[in-house]
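Here are my notes on the model you sent over.

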Amino acid sequence: MTIPIVDDETFGQLKDAVERFVAERLVPNEMRVEIEDEIPEEIVAEMRELGLFGLTIPPEYDGIGLNARQETQLAMIFGGTALAFRSLLATNIGIGARGLIFEGTQEQKQLYLPKLASGEIISAFALTEPDTGSDPANLTTRAVRDGDDYVISGTKRYITNAERAGLFTVMARTEFDKPGADAISAFLVPRPTPGLTIGKKDRKMGQRGTTTSDVIFDNVRVPASAIIGLVPGRGFRLAMRVLDRGRIHIAALATGACRRLIAEMVSFARERRQFGKPIAEYQLIQAMIADSHTEYLAAKALVEQTAAIYDREGAARTEASAAKYFATEAVGRVADRAVQVHGGAGYMSEYAVERFYRDVRLMRIYEGTSQIQQLLIARQLLKGA
């Protein structure tokens, strides 16, 4: 069982501070990020000052040390604004640092975690490849042993925060006569390492301000001590363990986006008038609002239950997949209804629902597509039976 490091009173104060920060600083800057496709540096500095880059990093490494339940509450709050803001923090508090927290040596942790917690460096999780997205066990990036070193060659794709990253967690094949998971190792690769280059910034449908890029490894030489935990062949299982909690986080983020979309729907429906009265008085509008709120409540309950299981048992493989699957599919439906309630206005960029409609579409893809979650859920149930 994960015992909360942050007591309820202290967490309540932190939660209040994050709610104010989102309402007073992030929401008013949403359109600026959309137009400039960049998070303002003064906002990044304020995030560092609030300690947001170290939310889940243990206090002994200068982080705050939130458990899964506490993390999901803050993720829901960040879901209520442009997703780019949370994305900047995500790799430090999630997939980019989690493997190091789980299995890193004390030396590795002491070297990197305090810098990640302060936001001095940004991390990135380099797993996806051009031909291996949902099938990471068959990735082709190679790390060939050469004396006391490994030489890494390959290309990673759609890597979040690659442009800003100072540290990459890189999954690479270290065994070439073994199939699947046992052949993969996880490496810590600093940004200045010779042979590591960043591709051009991707242009995306939504989530402007969130940067993704290719990361190219051209005979990148790292010491064997760069392997997380110093044990080769554990990379794939570590990645799956990292994604377990990451999927709970994404589900919470989607749930928070549902809440914001419903608020936008309700506000617009009360103000917009057609045929002499607010459209909120029409039953078909009410039905869309009711359906959306019901799905929001269901997603919230599932996320909270899954986070509690994770904290109690240290894992929640099936539940995390179910939460991620349901909540991200739900927010897609809620976003669609929000645009419909807004009518023609919902197609215009000055309304938040237009941006959310594009932004939340990615949630059903990253950290495991909805279809992959379906397969994982079914396989776990069949295996248990």
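This is a predicted model: local features need pLDDT of at least 70, side-chain atom pairs count only at pLDDT 80 or more; totals for chains, interfaces and linings use all residues.

1. Have a look at helix H11 (352–359). How many of its 8 residues are buried? The count is 7, so H11 is mostly covered by the under 20% cut-off for relative accessible area. The buried ones are Ala352, Val353, Glu354, Arg355, Phe356, Arg358 and Asp359.

2. What does H11 pack against? Its buried residues pack against helix H2 (30–36), helix H5 (83–93), helix H8 (235–271) and H10.

3. Tyrosine 351 lies in the loop that runs from helix H10 (317–342) to H11. Its relative accessibility is 31%, so tyrosine 351 counts as partly exposed. Together with Tyr347 and Met348, Tyr351 forms a nonpolar patch on the surface, and the three share about 360 Å² of accessible area. Membership calls for over 30% relative accessible area, and tyrosine 351 is at 31%.

4. Threonine 212 belongs to strand S7 (residues 212–223). Is the residue buried or exposed? Threonine 212 is buried, because its relative accessible area is 9% and the cut-off is under 20%. Its side chain makes a polar contact with the side chain of aspartate 202, at 2.8 Å. Setting aside neighbours within four places in sequence, threonine 212 is in contact with Tyr158, Ile159, Thr160, Lys200, Lys201, Asp202 and Lys204. Asp202 is therefore on the contact list as well as being the polar partner.

5. Two backbone angles deserve a check. Most residues other than glycine have a negative phi. Aspartate 62, though, has a phi near 75°, and glutamine 207 has one of about 50°. Neither is a glycine.

6. Where do those two sit? Aspartate 62 is in the loop between helix H3 (41–50) and helix H4 (68–78), while glutamine 207 is in the loop between strand S6 (196–201) and S7.

7. Last, arginine 273, which is found in strand S8 (residues 273–274). With a relative accessible area of 48%, arginine 273 is partly exposed; exposed would need over 50%. A polar atom of its side chain lies 2.6 Å from the backbone oxygen of glycine 276. Not counting residues up to four places away in sequence, arginine 273 touches Pro278 and Ile279. For a sense of distance, the C-alpha atoms of arginine 273 and threonine 10 are separated by 45 Å, and the two residues are 263 apart along the chain.

Methods: Residues are numbered from 1 along each chain as its sequence is written. Side-chain values use heavy atoms; hydrogens and water are left out. Patches are made of residues with over 30% relative accessible area and no salt bridge: like charges are joined within 9 Å, nonpolar side chains (Val, Leu, Ile, Met, Phe, Trp, Tyr) within 5 Å. Accessible areas come from the Shrake-Rupley method with a 1.4 Å probe; for residues, only the protein chains shown count as cover. A salt bridge is a side-chain nitrogen of Lys or Arg within 4 Å of a carboxyl oxygen of Asp or Glu. Helices (H or I, at least four residues) and strands (E, at least two) are DSSP runs, numbered from the N terminus. Buried means under 20% relative accessible area, exposed over 50%, partly exposed in between (1.4 Å probe, protein chains only). Contact means heavy atoms within 4.5 Å. A polar contact is a pair of N or O atoms within 3.5 Å; within protein, one must be able to donate a hydrogen and the other to accept it, and residues adjacent in sequence count only if both atoms are side-chain atoms.
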